[in-house]
Amino acid sequence: MEITRRDFINGVAIGIAAGLTPLQLLQAAENARYYPPALTGLRGSHVGAFEVAHQMGWEKKSFATDTLPVSEEYDLVVVGGGISGLSAAFFYREKHPAAKILILENHDDFGGHAKRNEFSAGGRMIIGYGGSEAFQSPNHLYSAEVNGLLKKLGVDIKRFETAFDRSFYPELGLSRGVFFDKENFGEDKLVTGDPTPMVADDIAPEQLNARSVRDFINDFPLSQSDRKALIDLHEAPKDYLAGKSQEDKTAYLERTSYQDFLLKDVGLSATAVKYFQGRTNDFMALSIDTVAAADAYYVGFPGFAAMNLEPISEEAQAEMEEPYIYHFPDGNASLARLLVRSLIPTVAPGKDMEDIVLANFDYSQLDRAGQPLRLRLNSTAVSVRNLDGAVNVGYSRGGQLAQVRGKHCVLACYNMMIPYLLRDLSAEQAHALSQNVKFPLVYTKVIVRNWQAFQKLGVHEIYAATQPYSRIKLDYPVSMGGYEHPRDPAQPIGLHMVYVPTSPDSGMNSRDQARAGRGRLYGTPFEALESQLREQLQRMLGPGGFDHNQDILAITVNRWPHGYACFTNTLYDDPEQTEQWMELARKPVGKVSIANSDAAWSAYAHAAIDEAWRAVGELA
């Protein structure tokens, strides 16, 4: 019997009702190959990955593992098989080549947010990324430790400059567009030729196929006065805080949302301001009512050119200007795969960044008895305790509890879960850890029969300010390692769609919006998410001949209720207090050290690696 992807998703729902977990379902299908990247439906934080954690966090349930026998002993136990956890194992093995290491991961796949999505369409494989996308500004922001790890894994940053075809969509005459919906703007309308600069753009400024700001905005379905005000904001900016000192302006912008700045200081109407509502969704996982105007300035939003503000930092400049092209076909999932292959060589053949792209991974090799490193999927840690100079770690797998012991432990999981796991934690450190409330987001991959509708409409990417999915684009044109990006508009391609469940104009702060959005995601079934994206795609692409009933071949919804790590938000946070929380939160406790990008209050892959390096160094 061969289990299809849709059969698997349907089987999960039936199995859960019958008391079976996804792991047990897969084990029951003896002839089925265990290969999570090929599963469609609801992925990311999938059914079976979070229930035990929610019992600890929501129901305050304590799992009794202390009295269980220690079934296995290791030199290091890592909780979390994402980029930080895998990097921690790599760095520890470098220091201790003969070490026995166990990695526990609650999802059915490794990589954390660095998730690989595979599809078969049109007689070929199409690869996509379900989470962590790319290396952010590696030429400017990467530490010696991060660069050293990449080199050891066979990654040459310069190779991406030839693998990523920046001219592909521009040479087809395609541009970015903005979709205005009738609910907020009076009519459904797609306006092409968007000249808006993007943070870390993958398209060169001179290749945007953009119209002038004036021509572009004059095509908006807005009143003449609103269009003129938006044009003036871009072409004739003023010092909207005239009379204030540079220092006072900065302080004001740090505690004023970009939405309020546009409404109260610039004087735009509420309708005109809605044009910007979702511009910050993809980069910050927040809408403009919870983004400080100062942060909008740092990422190139309009309104600040004539205000004589301090120049943005070197780091912010790098994020703005260094092209966003350092991207494997499956995003940073290939980095996770490189780490796993290095740690467990029997999992796949190969040696470098080229052959990892199509490497055939054998998941049966991840957790084999007798090998020095074991990666145990579908395993949720429930207790971590320092005891007699070592660390006991209890975990739940397939409904069964077990306990293992390590000389050391690295917690590379969501930091906000650590207060429920680590028994030796002080109340002060638990409070500091709880402040990093992660922002939810959804990365949906849709495989379409062809992309002729995009070609007919003249776009390769669409921004939709007030629709659920704020960003919809044809996948990055990356070819490497024998994988060729789709180039024929008549053939299938992957769409990347970004949905951030924000609560604009709710009056909630960013953390409360994150919690509310997370609750909505957990409460929304796949069928509702599917219906939502189909309706939006039809409205946007229908005028180009798109028919969602015929043209959608596959859907993978990568749901991340715990998505981006929290960052200091001056609207709600005292930066000095945040720094104190961050330093306290990541302090080692006995033989336990704390990693993950959360420990840096940063959502970047390089932050995850740097925190792993620090955590392993503390164990020494």
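A salt bridge here is a side-chain nitrogen of Lys or Arg within 4 Å of a carboxyl oxygen of Asp or Glu. The close-ups below come from a predicted model. Across the whole structure, a search finds 38 salt bridges.

**View 1. Arginine 614 and glutamate 618 pair within helix 26.** Their side chains form a salt bridge, with N to O at 3.0 Å. That value lies within 4 Å, so the pair counts as a salt bridge. Both residues belong to helix 26 (residues 605-619). They sit 4 residues apart, about one turn of the helix. Arginine 614 is buried, at 18% relative accessibility. Glutamate 618 is partly exposed, at 34%.

**View 2. Arginine 374 and glutamate 72 join distant parts of the chain.** The two side chains meet in a salt bridge, 3.3 Å from N to O. Arginine 374 lies in strand 8 (residues 373-376), and glutamate 72 in strand 2 (residues 70-79). In the chain, 302 residues separate them. Arginine 374 has a relative accessible area of 14%, so it counts as buried, the cut-off being under 20%. Glutamate 72 is buried as well, at 18%.

**View 3. Lysine 158 and glutamate 161 form a salt bridge.** The N to O distance between these side chains is 3.6 Å. Glutamate 161 has a relative accessible area of 37%. This residue is therefore partly exposed, between the 20% and 50% limits.

**View 4. Salt bridges link six residues into a network: Arg176, Asp201, Asp202, Asp282, Glu461 and Arg471.**

How values were computed
Residues are numbered from 1 along each chain as its sequence is written. This is a predicted model: local features need pLDDT of at least 70, side-chain atom pairs count only at pLDDT 80 or more; totals for chains, interfaces and linings use all residues. Side-chain values use heavy atoms; hydrogens and water are left out. Helices (H or I, at least four residues) and strands (E, at least two) are DSSP runs, numbered from the N terminus. Buried means under 20% relative accessible area, exposed over 50%, partly exposed in between (1.4 Å probe, protein chains only).
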